[in-house]
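Dear colleague,

Please find the structure below, handed over for your records.

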Amino acid sequence: PATYDPRDHRWWHTDDENRAFELRYLLGRRLARQGRFSDARPYFPRSVQKMLDEYARALEGGGDRRRAAAERAESLWTAATIARHSGMELLGTELDPDWAVFAGSFDSQAALEGREKHAGAILPLSPEERSRGKAHSVDPYKRFHYRYIAGQHALDAVNLLPENSDRAARMLCIAGSWLKKRDPEAADRFYKLLVRRCGQTELGKEADRLRWFPPIEETP
């Protein structure tokens with residue numbers, strides 16, 4: 001077998017080694033959620049580090065006021081698409097609300113809530129744990145919370161572009177479509193901006209006609 005690397009999960013590693021990997025990766029995602037990307041990087045699997053670097057660079061570029069507004073918008077849009085499509089790997093919570101432990105395919109009862117409700121729990125929830133859990137909860141506390149983060153990156157990008165910009169309209173339409181099936185209420189904000197801010201664009205006109213998002217293919 002190859003030399004053990006704690007950034008890898010391999011079938012030939014021992015259970016203890018793979019548990020170490022899982023704990024390190026959990027910590028890495030937690031640090032990334034706090035924006036501490038350089039601290040997080042050593043704890044990520046090697047297969048994910050490149051995407052983490054790209055996400056960090058995109059956010060840094062989007063916040064660089066020395067750059068032109070349009071360039072910053074494109075960087076933020078890059079961050080938005082990374083957060084949407086690789087958010088589980090970069091930012092996902094191990095348990096609720098994202099359930100990275102199940103690769104996001106399943107969910108279960110909220111860990112703290114479950115222990116609080118069941119008086120006979122093997123490990124009853126202490127007031128200190130409840131306080132820590134709430135202090136370190138994600139915002140927003142919603143399933144696949146990183147999709148909402150992706151949406152906010154998209155809104156930040158749009159705010160750097162002029163009104164009735166075709167590019168801004170496309171960003172709003174795509175970002176709203178990320179949320180429209182699971183959370184139409186959250187997506188409605190993007191729809192309204194698309195109609196009001198980009199109402200003279202083709203996408204804006206079509207959204208106004210349909211009273212919702214036009215079908216759109218997500219391409220760069």
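In helix α3, the buried residues are V48, Q49, L52, Y55, A56, A58, G61 and G62. Here, buried means under 20% relative accessible area, exposed means over 50%, and partly exposed lies in between, computed with a 1.4 Å probe on protein chains only. Helices (H or I, at least four residues) and strands (E, at least two) are DSSP runs, numbered from the N terminus.

Please note that this is a predicted model, in which local features need pLDDT of at least 70 and side-chain atom pairs count only at pLDDT 80 or more, while totals for chains, interfaces and linings use all residues. Residues are numbered from 1 along each chain as its sequence is written, and side-chain values use heavy atoms, with hydrogens and water left out.

Helix α3 covers residues 46-62, which amounts to 17 residues. From its first C-alpha to its last, α3 reaches 25 Å, close to the 24 Å expected at 1.5 Å a residue; the expected span is 1.5 Å times one less than the number of residues. The partners against which the buried residues of α3 pack are α1 (15-33), α2 (37-40), α4 (69-91) and α7 (145-158), where contact means heavy atoms within 4.5 Å.

**Backbone features in the loops**

The loop between α4 and α5 (111-117) holds P97. This proline is joined to D96 by a cis peptide bond, with omega at about 5°. W99 is also found in the loop between α4 and α5. Although W99 is not a glycine, its phi is positive, at about 60°. W99 counts as buried, at 5% relative accessibility.

A cis peptide bond also joins D139 and P140, again with omega of about 5°. P140 has its place in the loop between α6 (127-135) and α7.

Further along, the loop between α7 and α8 (166-179) contains N164. N164 is a residue other than glycine, yet its phi is positive and near 60°. With a relative accessible area of 34%, N164 is partly exposed.

**Cysteines**

How many disulfides does the structure hold? The number is zero, a disulfide being a pair of cysteine sulfur atoms within 2.5 Å. C173 is buried, its relative accessible area being 0%. C198 is likewise buried, with a relative accessible area of 0%.

Yours sincerely
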